[in-house]
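Visitor: Please guide me through this model by question and answer, with the criterion for each term.

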Amino acid sequence: MTAITFPMRRIARRHPGLALGAAILAALCLLALCAPLVTPVDPGFVDMSQRAKAPSWDHIFGTDMLGRDLFARIIYGGRLSLSIGVAVALIATLAGTVIGLVAGYVRLADAILMRIMDGVMSIPSVLLAVALMALSTGSIGNVIVAISISGVPRIARLVRGSVLSLREAVFVEAVIGGGVGTGRIIFRHILPNAAAPIIVNATYLCAGAMLSEAVLCFIGAGTPPTVPSWGNIMAEGRTLWMVKPHIVAFPALILSIAILAVNMVGDGLRDMLDPRAGRRN
């Protein structure tokens, strides 16, 4: 226990933003996972006698236009919003890393793959996601795929740039001279040296995915309204914004805190994994 605690304390002391962001994010994830223990209220329970009630002891975040408890819906909605952020980060990072590795090391593939990535990047991410959702049904899986596609080029270009610089390094030339195969060179020698920026940008993709999901819900192209998410809750309450702002304000606040926490983790990881930052510290 002491051996684990000491490095954690050291990281928290040298990178307080990383520690704070990770703590906030862990708390939000824990609340979402333990939602039935946090609140016994069914997030889908409709009570028309309690429509659009202001925050009170009975409903600490108030109720929405159908009398559903906002606190319960926000806690349960965190499961979907956070899951979409993590899923998009994993899928886009994995796909972008593979494309970037191949494009950066194989010159012929570079000319083809990066032109495709340039074409995808030329379309605004939200517009691309809306277009993809218009061609499919509004399911959770389709939302994840639509947002992931718009995030792949960002990782691909980042990895490609790292590979272009690393493949000219002395240690890579030595490995090539030793007769090592292309696949082993890419995944054993180049990928580990390009891992730091990939990890950092994955956190930013996670934050952007949660925001994109909320945007898609707000314009009616997101996850099904029957499944609570922070974006869906805000979308449903936008018609009463002027008279009952709490319906939008509370989920928007939680979403903002989650995005801020993820970005703090990303900034902290960047400082921690950057060798130049380490020397400055």
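Visitor: Are F61 and F71 buried or exposed?
Guide: This is a predicted model, in which local features need pLDDT of at least 70 and side-chain atom pairs count only at pLDDT 80 or more, while totals for chains, interfaces and linings use all residues. Residues are numbered from 1 along each chain as its sequence is written, and side-chain values use heavy atoms, with hydrogens and water left out. Buried means under 20% relative accessible area, exposed over 50% and partly exposed in between (1.4 Å probe, protein chains only). F61 has a relative accessible area of 17%, and both F61 and F71 are buried.

Visitor: How many aromatic pairs does a search of the whole structure find?
Guide: Rings of Phe, Tyr and Trp (its six-membered ring) pair if their centres lie within 6.5 Å; planes under 30 degrees apart count as stacked, over 60 as edge-to-face and the rest as tilted. By this criterion, the number of aromatic pairs in the whole structure is two.

Visitor: Which arrangement do the rings of F61 and F71 adopt?
Guide: F61 lies in the loop between α3 (35-38) and α4 (70-105), and F71 in helix α4, so this pair ties together parts that are ten residues apart in sequence. Helices (H or I, at least four residues) and strands (E, at least two) are DSSP runs, numbered from the N terminus. The ring centres of F61 and F71 are 5.3 Å apart and the planes stand at 80 degrees, so the arrangement is edge-to-face.

Visitor: How many residues apart in sequence are the parts tied together by F61 and F250?
Guide: F61 and F250 form a stacked pair, at 4.3 Å centre to centre with 5 degrees between the planes. F250 belongs to helix α12 (residues 246-273) and F61 to the loop between α3 and α4, so the separation of the tied parts is 189 residues.

Visitor: What is the relative accessibility of R73?
Guide: R73 is found in helix α4. Contact means heavy atoms within 4.5 Å, and, leaving aside neighbours within four places in sequence, R73 is in contact with P43, D64, R68, P228, I233 and E236. R73 counts as buried because its relative accessibility is 3%.

Visitor: How are α4 and α11 oriented to each other?
Guide: Axes are lines fitted to C-alpha atoms, for helices over the stretch in contact, and angles run from 0 to 180 degrees between N-to-C directions. Angles under 35 degrees count as roughly parallel, over 145 as roughly antiparallel, 65 to 115 as roughly perpendicular and the rest as oblique. The axes of α4 and helix α11 (residues 230-237) come within 7 Å and cross at roughly 130 degrees. The two helices, α4 and α11, are therefore oblique.

Visitor: How are α10 and α12 oriented to each other?
Guide: The axes of α10 and α12 come within 8 Å and cross at roughly 170 degrees. Their contact includes A196, I199 and V200 of α10, and L255, A258 and I259 of α12. At this crossing angle, α10 and α12 are therefore roughly antiparallel.

Visitor: Against which helices do the buried residues of α6 pack?
Guide: The buried residues of helix α6 (residues 125-134) are L128, A129 and M133. They cover an arc of only 135 degrees around the axis, by the directions from the helix axis to the C-beta atoms, which puts them on the same side of α6. On the other side of α6, L127 and A134 are exposed. The packing partners of the buried residues are α5 (107-121), α7 (140-166) and α10 (195-218).

Visitor: With which residues is S162 in contact, leaving aside its neighbours within four places in sequence?
Guide: S162 has its place in helix α7. S162 counts as buried, at 17% relative accessibility. Beyond those sequence neighbours, its contacts are A194 and P197.

Visitor: What is the value of phi in A52?
Guide: A52 lies in the loop between α3 and α4. A52 is buried, with a relative accessible area of 12%. The phi angle is positive in this residue other than glycine, with a value near 50 degrees.

Visitor: What share of the 281 residues of the protein counts as buried?
Guide: The secondary structure of the protein comes to 13 helices and zero strands. The C-alpha atoms fill a box of roughly 75 × 55 × 30 Å, taken along the principal axes. Of the 281 residues, the share that counts as buried is 42%.
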